[in-house]
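Here are my notes for you, written as numbered points. Keep the picture open while you read, and look up each residue as it comes along.

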Amino acid sequence: MTTEPLFDSTTFRRVCGQFPTGVTAVTAVTDTGEVAALTVNSFTSVSLEPAKVLFCLATSSSSFDRLQRARRIAVHILAQDQEDVARRFATSGLSGEEKLEGVEWTAGPDGVPIIPDTPAILAGTTDEAITSGDHVIFVLDVDHVHLKPGPVPALSFYQGRFASPTAVIAE
Ligand SMILES: Cc1cc2nc3c(=O)[nH]c(=O)nc-3n(C[C@H](O)[C@H](O)[C@H](O)COP(=O)(O)O)c2cc1C
């Protein structure tokens, strides 16, 4: 095995990009009604009982302040036909409100934006926000879930690109 003891962040990103992931759209609402929206693939489940999930957010993200002040956060596990939402939510320089323009959404618990046609949705509140390097790990206590009936091909991300589906989200 060849290892590289010294590597730059581009190499590190390429190595991590060999791990195929799903893609989520994270939305949030603050106490004052400001919203955030961004694309996240660092999502994973943490605990079954109680139900907890996590995602990692760059402290450099313009969404970071609103996520830190979020009253409620929703994670949408995207389908293959929602790539447009993933691309829009990953656009730098747009506010949460601007990212949501042109995306069909409704107000969920506490007013958090919910994208209704998404195959799987989890909503909850921040349990812990753990700083690690240039990211913060948001651990959420999940109190609402929604599963859309029927098998749906999941949106995937692999080697820095949206990829052909490797999984189907089944009912
Ligand atoms: C497929 C994909 C996955 C992403 N995953 C993350 C992530 O897990 N954490 C993160 O901080 N940014 C992630 N990003 C980048 C954010 O979506 C991007 O910073 C953000 O949408 C730009 O808006 P912002 O200014 O609010 O950060 C991802 C982008 C893409 C396209």
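This is a predicted model: local features need pLDDT of at least 70, side-chain atom pairs count only at pLDDT 80 or more; totals for chains, interfaces and linings use all residues.

1. Leaving aside its neighbours within four places in sequence, which residues is H76 in contact with? The list runs V23, T24, A25 and T27, then P113, I114, I115, T118, A120 and I121.

2. Stay with H76 for a moment. You'll find H76 in strand β6, which covers residues 70–77. Is H76 buried or exposed? Its relative accessibility is 0%, and buried means under 20%, so H76 counts as buried.

3. Now compare G93. This residue lies in the loop between α3 (83–89) and α4 (96–100). With a relative accessible area of 72%, G93 is exposed, because the cut-off for that word is over 50%.

4. Strand β12 (residues 156–158) and β13 run antiparallel and are joined by three bridges. To see how they line up, find S156, which stands opposite A163 in β13.

5. On to the ligand. There are 17 residues around the ligand, and those that come nearest are S42, S61, S62, S63 and F89. How far is a backbone N or O atom of F89 from an oxygen atom of the ligand? The distance is 2.5 Å. For C56, a backbone N or O atom lies 2.8 Å from a ligand nitrogen atom. K99 uses its side chain instead: an N or O atom there is 2.9 Å from an oxygen atom of the ligand. On its own the ligand has 620 Å² of accessible area, and the protein covers 82% of that.

6. Last, the annotation. UniProt, in an unreviewed entry, places the feature "domain: Flavin reductase like" at residues 16–164. Over residues 16–164 the chain is 48% strand and 12% helix. How far apart are the end C-alpha atoms of this stretch? They are 18 Å apart.

Terms used
Residues are numbered from 1 along each chain as its sequence is written. Side-chain values use heavy atoms; hydrogens and water are left out. Two strands pair if DSSP finds at least two bridges between them. Helices (H or I, at least four residues) and strands (E, at least two) are DSSP runs, numbered from the N terminus. Buried means under 20% relative accessible area, exposed over 50%, partly exposed in between (1.4 Å probe, protein chains only). Contact means heavy atoms within 4.5 Å. A residue is near a molecule or strand if one of its heavy atoms lies within 4 Å of it. A polar contact is a pair of N or O atoms within 3.5 Å; within protein, one must be able to donate a hydrogen and the other to accept it, and residues adjacent in sequence count only if both atoms are side-chain atoms. Accessible areas come from the Shrake-Rupley method with a 1.4 Å probe; for residues, only the protein chains shown count as cover. UniProt positions are given in the numbering used here, feature names are shortened, and annotations may be inferred rather than shown by experiment.
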